[in-house]
Amino acid sequence: MATDNATSQAQGVVNLATGSFTGAGEAVQVVTGFKPRCVRLINQTDRIQHIWQEGMAATHTLNIAAAGTATDNSSSHIVPHGGPEADFRGFLVAAGAAVNGKDYVWSAWG
């Protein structure tokens, strides 16, 4: 039997932030005040989800289309920021994911 030990754990959610924005076709800097361990970005207009979780490659997200099709995206749609070397704590949504005129909601846990 394989064993999978948690990389990190907490007795509850330590940090949680939620928000929304309308895409303008340019990168969006989301400041949460902490470095996220998981980010879920939902394009409400087209019903597409972009998910990044700690342990995934920094450039990858799981994209889930309205029909339920899940694909691996390696275009750095969500890039977490944090730590002493970072210019802000939160995450960056790439221009390719922040489509002009689309409405987004997001959740970040850290």
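Modeller: Let's start in the sheet, with the S3 and S9 pair: the two run antiparallel and share six bridges. One spot to look at is Asn-43, which sits opposite Tyr-104 in S9. Keep in mind that this is a predicted model.

Zooming out, that pair belongs to an open sheet of six strands, ordered S1-S9-S3-S4-S5-S6, with antiparallel pairing. S1 and strand S6 (70-73) are at the edges with a single partner strand each, so one side of each has no neighbour in the sheet. On average, neighbouring strands here are turned by 20 degrees against each other, direction ignored.

Now the packing. The largest nonpolar core has 16 residues, and Phe-21, Leu-41, Phe-91, Val-93 and Trp-106 have the most contacts inside it. Strands S1, S2, S3, S8 and S9 each supply at least two residues of this core, and S9 gives the most, with three. If you click on Val-93, you'll find it touching Phe-21 and Leu-41, among others including His-77 and Ala-98.

There are also two salt bridges in the structure. One joins the side chains of Lys-102 and Asp-46 at 3.2 Å, N to O; Lys-102 is in the loop between S8 and S9, Asp-46 in the loop between S3 and S4, 56 residues apart. Asp-46 has a relative accessible area of 30%, so it counts as partly exposed. The other pairs Arg-37 with Glu-54 at 4.0 Å, N to O, linking the S2-S3 loop to the loop between S4 and S5, 17 residues apart.

Note on methods. Residues are numbered from 1 along each chain as its sequence is written. This is a predicted model: local features need pLDDT of at least 70, side-chain atom pairs count only at pLDDT 80 or more; totals for chains, interfaces and linings use all residues. Side-chain values use heavy atoms; hydrogens and water are left out. A nonpolar core is a set of buried Ala, Val, Leu, Ile, Met, Phe, Trp, Tyr and Cys residues joined through side-chain atoms within 4.5 Å. Buried means under 20% relative accessible area, exposed over 50%, partly exposed in between (1.4 Å probe, protein chains only). Helices (H or I, at least four residues) and strands (E, at least two) are DSSP runs, numbered from the N terminus. Contact means heavy atoms within 4.5 Å. Two strands pair if DSSP finds at least two bridges between them. Axes are lines fitted to C-alpha atoms, for helices over the stretch in contact, and angles run from 0 to 180 degrees between N-to-C directions. Lists of a residue's contacts leave out its neighbours within four places in sequence.
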